[in-house]
Amino acid sequence: MKRITILGATGSIGQNTIDLIDRSPDDFQTVALTGGHNVEQLAADARRLGAQLAVTAHEDRLQDLRDLLAGTGVEAAAGHKALLEAASRPADLVMSGIVGAAGLEPGLEAVRTGATLALANKESLVCAGPLLLARARASGATILPVDSEHSAIFQALVGEDTADIERVIITASGGAFRDWPLDKLKTASLAEASAHPNWDMGQRITIDSATLFNKAMELIEAKELFGLSSAQIEVVIHPESLIHALVGFRDGGLMAHVGPPDMRHAIGYALNWPDRRHLPVERLDLVKIGRMTFRDPDEARHPALRLSRDVIDAGGLAGAVFNAAKERALDGFIDGGLGFLQMAEVVEETLDRLMPEAAPMVDMSLDDVLAMDAKARRVAGEIIAAL
Ligand code: NDP
Ligand code: MG
């Protein structure tokens with residue numbers, strides 16, 4: 001039986017994780033669940049799974065959470081400190097499913113205790129990869145990728161020597177606008193950007209898929225997890241989303257990971273690791289699929305990939321600038337003040353202004369990351385205001 005904590009339990013990753021736990025109740029014991037605004041879902045899951053602790057990120061939702069959990073024996077708490085407390089309660093596995101840089105500190109706490117971190121929150125690796133990995137090395141914690149492409153690479157590397165990797169190829173669905181002409185993209189609406197053709201995910205990552213910022217972050221994630229240079233990481237548009245990633249070895253062999261676009265595979269792989277157990281995902285019928293297609297991404301339409309390669313080459317706090325500027329620009333698009341294509345303009349301009357300050361460093365501290373994150377959000381806000 002594994003003791004498990006789920007950070008971001010009310011989100012898309014969190015709910016898929018809970019779906020798998022519900023199907024194997026004898027394999028998991030729930031320690032803590034955290035959420036944000038959706039305290040109704042949080043309380044229902046905490047009660048059903050018999051969690052010790054339920055935490056909402058928002059203090060103003062605490063009374064509702066307490067009322068919903070009255071008489072159940074589940075502790076209720078709220079706020080930043082309570083999130084860190086949830087992440088550091090003794091557990092075997094912590095699912096990091098909060099969206100955005102808000103997932104960094106709880107993830108660091110989990111790793112500090114030595115728990116295995118099932119990492120969906122790619123922003124932690126983008127803004128502070130070296131810090132997270134150093135903390136894991138210090139405590140002996142294992143980090144298991146949950147992002148489907150990185151889970152695919154991780155699985156293709158079982159039994160292999162990473163020194164033999166020549167390249168990895170990460171596939172991209174192309175997102176909601178993969179077939180739209182460039183001039184139409186300017187006026188793409190929030191509703192249109194929030195509808196993914198293949199994957200059912202949270203709103204922010206769905207919009208990031210349409211701008212290819214999600215893929216751009218995944219390049220940085222791959223660099224951090226597998227120690228690759230930007231030249232070793234390729235991206236190919238694969239509209240069917242059946243091959244998630246491929247690893248090319250020095251002898252020319254190419255290992256592909258193939259599966260349906262269902263996050264429960266990558267989540268379940270991490271939950272059961274190092275074992276493989278039955279998972280309720282569709283079994284692919286290759287003859288029915290018939291063919292799979294691939295094409296180059298159009299980097300002129302989507303500067304995100306080019307920007308992320310610059311960030312990888314720069315190192316240091318460049319990832320913190322990139323992630324914070326992207327999150328601020330995405331807020332602007334969701335709030336309605338910023339156009340779809342302007343998101344990339346804001347990120348590029350923020351990087352231009354702050355890159356000279358984001359030099360590589362020997363030891364990256366949390367304070368360094370948080371200070372650069374705050375600064376980049378401020379600068380991106382000024383750029384947006386001046387547009
Ligand atoms: P969702 O928006 O669906 O869920 C986010 C979760 O985080 C919710 O539980 C939400 O609470 C909580 N949350 C939001 N803001 C905060 C905050 N400031 N502090 C604490 N908790 C907060 O996101 P996804 O599940 O789609 O994504 C989660 C992470 O996983 C992201 O990093 C994403 O990039 C990554 N990922 C997701 C995939 C997917 O299939 N969805 C695939 C691969 C990676 P509430 O909703 O209650 O407000
Ligand atoms: Mg992915």
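The side chains of R89 and E85 meet in a salt bridge, with N and O 2.8 Å apart. This contact belongs to a predicted model, and so does everything described below. R89 has a relative accessible area of 15%, so it counts as buried, since the limit is under 20%. E85, at 34% relative accessibility, counts as partly exposed.

By the rule used here, the structure holds 29 salt bridges. One of the others joins D92 and R3, where N and O are 3.1 Å apart. This pair links distant parts of the chain: D92 sits in the loop between helix 4 (80-88) and strand 5 (93-96), R3 sits in strand 1 (residues 2-7), and 89 residues separate them. D92 is partly exposed, at 30% relative accessibility. R3 is partly exposed too, with a relative accessible area of 31%.

Another salt bridge is formed by the side chains of R377 and E327, at 3.2 Å from N to O. R377 belongs to helix 17 (residues 366-386) and E327 to helix 15 (residues 318-335), so this pair ties together parts that are 50 residues apart in sequence. R377 has a relative accessible area of 24% and is partly exposed. E327, by contrast, is buried, with a relative accessible area of 7%. Salt bridges can also share partners, and in this way K122, D147, E149, K215 and E218 are joined into one network.

Which residues coordinate the magnesium ion (ligand 2)? The donors are D147 (OD), E149 (OE) and E218 (OE), at 2.1 to 2.2 Å. Along the sequence, the donor residues of this magnesium ion follow the spacing D-x1-E-x68-E.

The next step is the division of the chain into domains. The domain assignment gives domain 1 (2-145), domain 2 (148-260 + 283-299) and domain 3 (315-387). The C-alpha centres of domain 2 and domain 3 are 24 Å apart. Where these domains meet, 18 residues of domain 2 are in contact with 13 residues of domain 3.

The size of an interface is often given as the accessible area that is lost when the parts come together. Between domain 2 and domain 3, the buried area is about 1,400 Å², and carbon and sulfur atoms give 77% of this area. On the domain 2 side, the residues that lose the most area to domain 3 are L190, R204 and F213, which together make up 39% of what that side buries.

Which helices supply the side of domain 2 that touches domain 3? Helix 8 (182-185), helix 9 (190-193), helix 10 (203-211) and helix 11 each supply at least two residues of that side. Helix 10 gives the most, with six residues. A further salt bridge to look at is that of K326 and D208, whose closest N and O atoms are 2.7 Å apart.

Two other places complete the tour. Q63 lies in helix 3 (residues 62-69). With a relative accessible area of 46%, Q63 is partly exposed. The C-alpha atoms of Q63 and A78 are separated by 9.3 Å, and these residues are 15 residues apart along the chain.

The last stop is helix 12 (residues 264-272). Why can helix 12 be called largely enclosed by the rest of the structure? Nine of the nine residues of helix 12 are buried, so the helix is largely enclosed. The buried residues in helix 12 are R264, H265, A266, I267, G268, Y269, A270, L271 and N272.

Notes:
Residues numbered from 1 in each chain as written. Chains lettered and ligands numbered in written order. Predicted model: local features only at pLDDT ≥ 70, side-chain atom pairs only at ≥ 80, totals over all residues. Heavy atoms only, no water. Donors = N, O, S within 2.8 Å, 3.2 Å for Na, K, Ca; no water. Domains from an automatic or database assignment. Contact = heavy atoms within 4.5 Å. Buried area = accessible area lost by both parts, 1.4 Å probe. Salt bridge = Lys/Arg side-chain N within 4 Å of Asp/Glu carboxyl O. Helix = DSSP H or I, 4+ residues; strand = E, 2+ residues; numbered from the N terminus. Buried < 20%, exposed > 50% of the residue type's maximum accessible area, 1.4 Å probe, protein only.
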